[in-house]
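Trainee: Could you walk me through this one? I would like to begin with the whole chain and then look at some details.

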Amino acid sequence: MVDVSMCQAYPLPIGVTTSLTELRLDNNNLISLTSSFGTLSNLTLLSARNNRIESITWRMRFLIHLREAYLNNNRLLALPPKIGRCARLEILNVARNNLDRVPVSLGRLSALRSLDLSENPVTHLPHEIGGVDQDEYADVVGLLSIQRVSLMHCSFLQALPSKLFRLTTLEDLTLVGTSELRNPPPEVTMAGLEHVQLYLERLYKGEQTMNLDFSGLGLVDAPVTLSNVDKRLNEKQGVVMGMDKLLHLNLSHNLLERLNQNMRFLTNLRSLRVDYNRLQAIPKFIRHYTRLGLLSVANNWLEDFVEDIAELKSIRTVLASHNKLKHMSDAFGKLTTLVELSFEGNEITTIPDPILKLSDLKVLRLGSNKITRVPETIRQMQSLQRLLLNDNLIMAVPDSMGDMGALRELDLADNKIELLPVGLGRLTALARLEVRRNGCIRPPKGTQLKGPAAVVEYLRRVEGAMKRRLLRVDNLGLSSFPLDAIALNNITELDLSNNAVQTIPAEIAGLTALITLRIPRNGMKTLPPAVCMLGWLQLLDLRENLLNSLPTGLARLTKLHTLDLAHNLLEVFPPSLEALTQIQMLDLTDNKLSRMSYMIGRFLQADAILLGGNQLVVFPDSLGTMGDPVLSVINLSNNGLAKIPAALCSVVTLRRATFSGNALVELPAQMGRLKNLEELWVDYNQITLLPPTLGGWLSLRHLYVHNNKLKNLPKRIIELVNIQTLTLSSNLLTSLPIDMIAMTSLEEIWLDDNQLGTLPKGLEEMPHLKTFTCDGNPFFGNDIVRSQDLMEMFPDLDGKIRLRQLQSDQREEENRERAAEILATLEAEADFIEPMQKSQEEEVDEMIHEAVAKMQAATADQDFERAASIQEKVDRLQRKLAVLRGEASDNGEFAEEDAAAKAEAEAQERLDDAATRRMAHGEAMDLGSDDEHDDDG
């Protein structure tokens, strides 16, 4: 170490001492450091403070070990251009000199930890201190280790390099006394290092992408860096880095009170966001932003817009919500390219006509203003998709709004609208509609809660009712009676089905032209007397409510011909109905009636009387005794009747009679008089014998007698030559008439679960027979014979026998165990070889494998009945394969198999037709699946 501080004379020749590591030359009168200093290749510390050094002329490439350099308090005009060669330099102090610039090679000092440039007239720092991205300057990595930078009292410093944000190790940046520093602005530098780096990072990204985001930085003025004349040095020195090419600028969430003139050069801008500031006016130079597509000035203090806004010929979106605007400038009407316009949260009172002429506008937000009226001319906005008028003072909406066919969202909440115009029912594209907090009575509240589709549908139907006199508001969530129905006093039909209207107002009496009134499924408990004032009423539908009584004045409805009271809570036949002798259809199904009025016999004009599902034990013997009725349909099913009234047997007009689910033990012989009877249901009773007079039912087509106690059939049953369906399942039959084949029209015969030991000959010859079931019968003395067995016993019936899945838990358990044994055996023996050329033996073998696969699937589905029946098919196929291979003799078992297979397809088609018809009659029998028939047949 050599210390020559405070010496008056020039020190000994330094160049000779090449091994020198530290050299201190402080407090001398040195004017320069000569080139001989450049040979001190081992020097690690150089201190030459408090001299008069003006320049450094040595060559830096040999000072490769220099770690500390103290050159403060001199008169340096410049640092060596190649100071970056001192790659190990950690501390560089050049404070209080005359430096006006810093060499770009400083960016190579990756080991530098401290840089002191205080009290120098430097104006800029090179961008290279943050590194260079270009490949040719790969060694300029920046000040990667820097921890402290002091620029105190650099009064000429104008800007910091944007790449300064890359110095992630920087802990201390001193900017005290940098009065001319404008980039970043003072409000940012005062906020601290973190804000400075954030500002510079966004600036750098903006320079690269032309998308500058200065939001939320606490700016009180637009930064000087936005000026076109702002010049900053980068790695290619001298290039002007103005912002005239900037595309997007975001200055939102700051403290700006104005947009200064620095921004007048940003003529290439596509979007400008200055929302959430304190702007009081838009500057006139906005007219130069002819390429601007988006202008956001929301949440400011604007009171008006300059007319220069009309020059924004490319503008598509203007967001000016939450300001202090009292009106919308007519200048906006000239912006024909506008797509979105937002003026929410202002003090606007009217919608100017020029705005309504913006034919391309898709979004208009005017919520939270003081608008009192919506002009009729709003229909001109045919492209508008979203219209927000919430929180205003609007009392009415024009019907012409219904012509805005593109409208998808309409917000009218928080106004004073009582009636929505029915024209809104034409807005078929509407997906969102808000009408909350209006006291709106049209549409009713329940419909409003159900959503915009229900509201639009309601209004559409009301508008249609004005033209067609039919108001159908079913399934619209109504919780109260619609007042529109009262206003439409000329309607002839009102349908309130499937709502929640529990109360009918007295004003309904004003609907004097009403012919049809439907109020089913509403939960209504009482019917008001006002309904009895509807003198022209012909049809009244009150089914599926909670009615337990009817008003006495109902007898005044002298024109009523259809009354539906099914599924209510009536316990007594309402006395007021006894006078309605003109009734043609009376439905009291599924109530709680325990007795029926004798006056039912006066209903001579009734075509249908439906009383099923009640608690009737006795039916009055009056029908047919008080005149000649025209009754064609009667339903007394699911009551407790022990007999059929004899008088009913004189009603020769009956075509359909249903007595299912009662306690009948016999049918009266007088029923043979019913010559026109086409359909008779007496299933699920205790009947032991059919009347011998049934041969008189010449028109009968369908007879349902299943689930009774029949032991035999009368011989005259064969006289039913037109019968198509005969269900005798679940009886005690031991035989059938031998001449049953005379019933040539039969298509379905159900004989399941009887005691039949044999079948009449010739059944297979019945020309129209499609479905034949006989499961659960002890044919030929066997315990129980399944349909699968019958197909072998009666091959000619093979395609007509319908399989039925058994429901017995005991048999299901047995079948499950049997199927498990079968599956275990077949899985061990199965061979899945499929040859390209199939012989007859190979075809049978393949059928076995397919059947095994189906059986495995049935077992997996726990369909053990099906699996067991498939197993029997596998057994037959295996026996046939043995015969073909000569391993067993043919005993005729397979003689008719080919013919049966041919008939199977035809039989399946007939079975499907029968199943369809069966469903139409509502027969609740387990028929099995078509797939099951395919597998087992």
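Trainee: What does the accessible surface of the protein chain come to?
Mentor: The accessible surface of the protein chain comes to about 41,400 Å², and 50% of that belongs to carbon and sulfur atoms, where accessible areas come from the Shrake-Rupley method with a 1.4 Å probe and, for residues, only the protein chains shown count as cover. Please keep in mind that this is a predicted model, in which local features need pLDDT of at least 70 and side-chain atom pairs count only at pLDDT 80 or more, while totals for chains, interfaces and linings use all residues. Residues are numbered from 1 along each chain as its sequence is written, and side-chain values use heavy atoms, with hydrogens and water left out.

Trainee: How many helices and strands does the protein chain have?
Mentor: The protein chain has twelve helices and 34 strands, taken as DSSP runs numbered from the N terminus (helices are H or I with at least four residues, strands are E with at least two).

Trainee: And what percentage of the residues count as buried?
Mentor: Of the 937 residues in the protein chain, 52% count as buried, a word that stands for under 20% relative accessible area, with exposed being over 50% and partly exposed in between (1.4 Å probe, protein chains only).

Trainee: Which residues have the most contacts inside the largest nonpolar core?
Mentor: Those are Leu160 and Leu680, in a core of 229 residues; a nonpolar core is a set of buried Ala, Val, Leu, Ile, Met, Phe, Trp, Tyr and Cys residues joined through side-chain atoms within 4.5 Å. The largest share of this core, seven residues, comes from helix H5.

Trainee: What does Leu680 touch?
Mentor: Leaving aside residues up to four places away in sequence, Leu680 touches several residues, including Phe659, Met671 and Trp697, where contact means heavy atoms within 4.5 Å.

Trainee: Switching to H2, what do its buried residues pack against?
Mentor: They pack against strand E10 (172–174), helix H1 (186–189) and strand E11 (211–213), and among the buried residues of H2 are Val196, Tyr199 and Leu203.

Trainee: How far apart are the end C-alpha atoms of H2?
Mentor: They are 24 Å apart, which agrees with the 24 Å that the 17 residues of H2 (residues 193–209) should span at 1.5 Å a residue, because the expected span is 1.5 Å times one less than the number of residues. Just after H2, Met210 takes a positive phi of about 60 degrees.

Trainee: Last one: why does Leu483 count as partly exposed?
Mentor: Leu483 counts as partly exposed because its relative accessibility is 49%, and Leu483 is found in helix H6 (residues 483–487).
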